[in-house]
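Good morning, and thank you for joining this group meeting.

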Amino acid sequence: VQEHVQSILRLDNLVQRYSSSTAQKSFDRHSSNIKQQQKQKQNLKKNVGSRVSNSRSSSSSFAQKTHKATYDKKEEKRKREEGYFEDLAKALKKAKKSKKKRKGV
């Protein structure tokens with residue numbers, strides 16, 4: 001009878017030790033998941049305020065940005081001239097080739 005009681009006590013100790021450690025691990029996982037979800041909710045609340053705003057107000061994110069030129073007249077003129085001179089060079093090269101062909105014939 002005493003051996004049976006000792007075996008039951010050993011079994012009870014083992015069950016208590018393993019079940020408490022797995023329960024603790026489960027609790028830790030669950031609590032960490034809850035913490036992560038709370039952080040995500042807080043981040044969403046913080047970011048929503050900065051993302052959604054009245055674009056007509058003077059405090060909007062667009063109004064806060066510095067003005068950047070989207071069209072540069074000088075750059076556009078330079079590109080046009082560059083294109084013109086490239087076309088001119090191609091035409092002269094073509095004319096030179098056709099002139100050489102005529103001389104050879």
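Is Leu92 buried or exposed? Leu92 is exposed, as its relative accessible area is 56%; the term buried means under 20% relative accessible area, exposed over 50%, and partly exposed in between, with a 1.4 Å probe and protein chains only.

Before I continue, a word on the basis of this talk. This is a predicted model, in which local features need pLDDT of at least 70 and side-chain atom pairs count only at pLDDT 80 or more, while totals for chains, interfaces and linings use all residues. Residues are numbered from 1 along each chain as its sequence is written, and side-chain values use heavy atoms, with hydrogens and water left out.

As to confidence, pLDDT is the predictor's confidence in each residue, from 0 to 100. The chain has a mean pLDDT of 82, and 86% of its residues reach 70 or more. Among the elements, the lowest mean pLDDT, 72, belongs to helix 2 (residues 61-64), and the highest, 89, to helix 3.

Let me turn to the overall architecture. The chain contains three helices and zero strands; these are DSSP runs numbered from the N terminus, helices being H or I with at least four residues and strands E with at least two. Of its 105 residues, 1% count as buried. The chain exposes about 10900 Å², and carbon and sulfur atoms supply 55% of that area, as given by the Shrake-Rupley method with a 1.4 Å probe, where for residues only the protein chains shown count as cover.

We now return to Leu92, which is placed in helix 3 (residues 73-104). Together with Tyr84, Phe85 and Leu88, Leu92 makes a nonpolar surface patch of about 440 Å². Such patches consist of residues with over 30% relative accessible area and no salt bridge, nonpolar side chains (Val, Leu, Ile, Met, Phe, Trp, Tyr) being joined within 5 Å and like charges within 9 Å.

Finally, I come to the charged side chains. The structure holds two salt bridges, each defined as a side-chain nitrogen of Lys or Arg within 4 Å of a carboxyl oxygen of Asp or Glu. In one of them, Arg78 meets Glu75 at 2.6 Å, N to O. Where do these two stand in helix 3? Arg78 and Glu75 are about one helical turn apart, because they are three residues apart in helix 3. Arg78 is partly exposed at 40% relative accessible area, and Glu75 is partly exposed at 31%.

Arg78 also forms a salt bridge with Glu82, their closest N and O atoms being 2.9 Å apart. Glu82 and Arg78 lie four residues apart in helix 3, about one turn of the helix. Through shared partners, salt bridges join Glu75, Arg78 and Glu82 into one network.

Thank you for your attention.
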